[in-house]
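Welcome! Have a look at it first.

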Amino acid sequence: MKKIFAKNLRDKQVVSSDGVTLGVLNNIIMDIRSGSIEDLVVKPDIALEKKKYKEDGEFILMPFGSVRAIKDYIVVDKTMSLASPAEPPVIEG
């Protein structure tokens, strides 16, 4: 992947590899020790069923490893972005 400034990512649409709009990138989570990006913090589309994804309050988290392309949209691999059965969605309440 070529270098992209973080400020150019904010407010980009996030879509799954099968074309479903997941939401809009709000922020990123980084490991401050290694500098690696861990997760994308996405404001989910109103029609999206959030329970399938790892939730953090009003946002969903997409593992950075699921990113397949960044151009006009951020494309994520749908199967990698779903919450795994071993790791249930985080529900705050």
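Q: What makes a stretch a strand or a helix here?
A: Both are DSSP runs, numbered from the N terminus: helices are H or I over at least four residues, and strands are E over at least two. I37, for instance, has its place in strand β3.

Q: What kind of model is this, and how are residues numbered?
A: This is a predicted model, where local features need pLDDT of at least 70, side-chain atom pairs count only at pLDDT 80 or more, and totals for chains, interfaces and linings use all residues. Residues are numbered from 1 along each chain as its sequence is written, and side-chain values use heavy atoms, with hydrogens and water left out.

Q: How confident is the predictor in the protein chain?
A: On the pLDDT scale, which gives the confidence in each residue from 0 to 100, the chain has a mean of 86, and 87% of its residues reach 70 or more.

Q: Why is I37 called partly exposed?
A: Buried means under 20% relative accessible area, exposed means over 50%, and partly exposed lies in between (1.4 Å probe, protein chains only). I37 has 27%, so the residue is partly exposed.

Q: Which residues does I37 contact, leaving aside neighbours within four places in sequence?
A: Contact means heavy atoms within 4.5 Å, and I37 is in contact with I28, I29, M30 and F64. I37 and F64 are 27 residues apart in sequence, with their C-alpha atoms 6.3 Å apart in space.

Q: What makes D18 and K78 a salt bridge?
A: The rule asks for a side-chain nitrogen of Lys or Arg within 4 Å of a carboxyl oxygen of Asp or Glu. The closest N and O atoms of D18 and K78 are 3.3 Å apart, so the pair meets the rule. This pair links distant parts of the chain, 60 residues apart: D18 is in the loop between β1 and β2, and K78 is in helix α1.
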